[in-house]
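Trainee: Could you walk me through this one? I'd like to begin with the ligands.
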Amino acid sequence: MNFSFASGDASRARADLLIVPLFDNELTDKKKQPKALVSCDKKLRGLILKSAAQEGFKGKVEQSLLIHSHGKVAAGRILLLGLGSRTRFTPEVLRLACGRAIKAANRLRLKSLAFALPVVREEEEALKAVVEGFELGAYRYDRWRTTNKEEKAAARIEKVSLLLPDGVKKDKAQAKAHDPIVELARRVSIATNWARDLVNEPAGTMTPTALAEEAKRMAKEAGLNLQLGDRKKLEELKMGMFIGVTQGSKEEPRLIHLSYVPQDAEHARRPAVALVGKAITFDSGGLSLKTADGMVDMKTDMAGSAAVLGAMSVIAWLKPPFPVHAYMGACENMPSGTAYRPGDVLVSRLGKTVEITNTDAEGRLVLGDILTWANESKPALMVDLATLTGACMVALGNYIVGAFGEDDQAVWSLLEAARGAGEELWRMPVTELQKDALRSEIADMKNSGERWGGAINAAMFLKEFVGETPWVHLDIAGPSQSPKERGYHGKGATGVGVRTLVELVRRRTHELEQTTNG
Ligand code: BES
Ligand code: MN
Ligand code: ZN
């Protein structure tokens, strides 16, 4: 998609579709009507406002109204897009609305859009949300569909003209200042769509080896360092828990380590941010086999690593003044004659021993060894993303990420990054109260405890492997997939986490710049 800026009379904007976003109750208030609406309505002799009244369009969230322009304005059609109440506005509202709008435009097989940017306080965030809403909403996963060839080849929106808001005087230079925001938003969206592709790809093709190849391709393109390790490397590193999980599968496991190191030697010496992603390419449950229903979606169990990979591709471009590392342990969790068994005791890289009480609690085992590994280079902050527990889905549903951690500042930095990025995070406790849940009779701990507080127990298990390092665990089991079409999401992988991680790195960069300048 190609984005450009324009100003002036919206009724003269040449495009297949002109989108005019509207707040609830501002349609009928003469003083509040956006200029784009006023000028188009005038050219159409009041037909827009009349149709809106007749169709009951008020500007509520999820409301929209399509009107043919019959050649009365330069655009072929006008879409009124509801944003809901102005007092409840967040850039995410706009992101969702733009996602819906682009889906409608693509269904109509249109090629070009003009979008009248609304006048809001959060000007830059809103612009970013518009671009992301369009790019994310245009996503489709259709690589395995052989029917509907016409549909696949069908026209898609190629050009988007962003009409600068009225009332705000804009010259060329100011439009130029918006360019970096558009560029960032485009890169974040492309990375998110790539993460969605990785997750949507069936486990039969998105194997640990294939995932490592994707990481390699991206690293090369983005200019990141990459180190891969195979089964032998796992043994060398004594990752007994990771080895336990992978040993039932015929697929070769992969260790993936990506790193971004700043050019500036002083910046390169700064303590790093370490990102860790769960990368179980298929989770059958192992010998503690899942039910048929519980297994259907388990190609999604590498969504944490997909988000980390997506974020790294943008971070490589952002070039923050501190190092960022990404660590992943990719494998399958399968039942077989060589699989690890309930009752086995595994020896972790850290040396702690773990009694296996459920082979379906595999994510924490792999992550435990990977967190140990990541922690050895003494990062300033570790963040892991994992589709870790069904319990977290029971607690927070399909749209909210659980954020676990004891370091208030670290957790806050993620909550704020998520808020800025338009992703939903909710803090969850890591509490000693649950400690007994993982007590083992024969080893240092067991891998799965009682059902109650299952998401907390999983976080408690991970905590054993992070030592004193500030650490936040994001359980994305719910939001990694959308159960339905919603805003800029389709049914399937969401790419959740990419935006939050990128925003985290941006905010750390700003903070560092402020403290070193002041
Ligand atoms: N990958 C699953 C968690 C999951 C469930 C992700 C649904 C996405 C959607 C994880 O490995 C798992 O199986 N967790 C178990 C843990 C239990 C055995 C302690 C769970 O949540 O049931
Ligand atoms: Mn599992
Ligand atoms: Zn799993």
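Trainee: Which residues come nearest to ligand 1?
Mentor: Of the 17 residues around ligand 1, those that come nearest are Lys290, Asp301, Asp360, Glu362 and Gly390, where a residue counts as near if one of its heavy atoms lies within 4 Å. This is a predicted model, in which local features need pLDDT of at least 70 and side-chain atom pairs pLDDT 80 or more, while totals for chains, interfaces and linings use all residues. Residues are numbered from 1 along each chain as its sequence is written, chains are lettered from A and ligands numbered from 1 in the order written, and side-chain values use heavy atoms, without hydrogens and water.

Trainee: And what does Lys290 do there, in terms of distance to ligand 1?
Mentor: An N or O atom in the Lys290 side chain lies 2.8 Å from an oxygen atom of ligand 1, and a polar backbone atom of Gly390 is 2.7 Å from an oxygen atom of ligand 1.

Trainee: OK, switching to the metals: what coordinates the manganese ion (ligand 2)?
Mentor: Asp283 (OD), Asp360 (O), Asp360 (OD) and Glu362 (OE) coordinate the manganese ion (ligand 2) at 2.1 to 2.2 Å; donors are N, O and S atoms within 2.8 Å of the metal (3.2 Å for Na, K and Ca), and water is not among the atoms, so sites may look incomplete.

Trainee: How far is the zinc ion (ligand 3) from the manganese ion (ligand 2)?
Mentor: The two ions are 3.1 Å apart, and Asp283 coordinates both.

Trainee: Is Asp283 buried or exposed?
Mentor: Asp283 is buried, as is Glu362, with buried meaning under 20% relative accessible area, exposed over 50% and partly exposed in between (1.4 Å probe, protein chains only).

How values were computed
A polar contact is a pair of N or O atoms within 3.5 Å; within protein, one must be able to donate a hydrogen and the other to accept it, and residues adjacent in sequence count only if both atoms are side-chain atoms.
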